[in-house]
Amino acid sequence: QVQLVESGGGLVQAGGSLRLSCVASGTIFRTTTMGWYRQAPGKQRDLVAFISSGGTTNYADSVKGRFTISRDNAKNTAYLQMNSLKPEDTAVYYCYALGSAYTWGQGTQVTVFS
């Protein structure tokens, strides 16, 4: 059974940075696409970024140039480095793993204040 544990959210002033981590267990991590979605209050869940098993990355237009997704296969961990944060980045961020099906993390709150 695949499990994901997220950490790294918090409260930050606009322009600041946060790094989210997502540790996976119960899967062959190196063969799994990892990524993050986010959901703001009253809005749908939107894709933020993902990284394939081969290291190919993809970002939502709204975060390009500010967010960087990476992975450490030796630690079964994916990271989302978020720089130049804006109030509109405020949301619950959900890590996911895509193998034969989606598995979701518990979510972590990111709040950016101006």
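Residues are numbered from 1 along each chain as its sequence is written. In this predicted model, local features need pLDDT of at least 70, side-chain atom pairs count only at pLDDT 80 or more, and totals for chains, interfaces and linings use all residues, while side-chain values use heavy atoms, with hydrogens and water left out.

**The sheet**

Strands here are DSSP runs of E with at least two residues, numbered from the N terminus, and two strands pair if DSSP finds at least two bridges between them. An open sheet is formed by 4 strands in the order β1-β3-β8-β7, with antiparallel pairing. Its edge strands, β1 (3–7) and β7 (67–72), each pair on one side only. On average, neighbouring strands of this sheet are turned by 15 degrees against each other, direction ignored; the axes behind this angle are lines fitted to C-alpha atoms, and angles run from 0 to 180 degrees between N-to-C directions. β7 and strand β8 (residues 77–82) run antiparallel and are joined by 6 bridges. F67 stands opposite M82 in β8.

**Aromatic rings**

Rings of Phe, Tyr and Trp (its six-membered ring) pair if their centres lie within 6.5 Å; planes under 30 degrees apart count as stacked, over 60 as edge-to-face and the rest as tilted. The whole structure holds 5 such aromatic pairs. Two of them are tabulated below.

| Pair | Centre to centre | Angle between planes | Type |
|---|---|---|---|
| Y37 and W104 | 5.4 Å | 70 degrees | edge-to-face |
| Y96 and W104 | 5.6 Å | 50 degrees | tilted |

Y37 in strand β4 (residues 33–39) and W104 in strand β10 (residues 102–104) are 67 residues apart, so their pair links distant parts of the chain. Ring pairs link Y37, Y96, Y102 and W104 into a cluster.

Buried means under 20% relative accessible area, exposed over 50%, and partly exposed in between (1.4 Å probe, protein chains only). W104 counts as partly exposed because its relative accessibility is 34%, whereas Y96, at 4%, counts as buried.

A charge sits over a ring if NZ of Lys or CZ of Arg is within 6 Å of the ring centre and within 35 degrees of the ring normal. R45 lies over the face of Y94, 3.7 Å from the ring centre. The charged end of R71 sits over the ring of F29, at 4.6 Å from its centre.

**Threonine 32**

T32 lies in the loop between β3 (18–25) and β4. With a relative accessibility of 3%, T32 counts as buried. Leaving aside neighbours within four places in sequence, T32 is in contact (heavy atoms within 4.5 Å) with residues including I51, S53 and R71.
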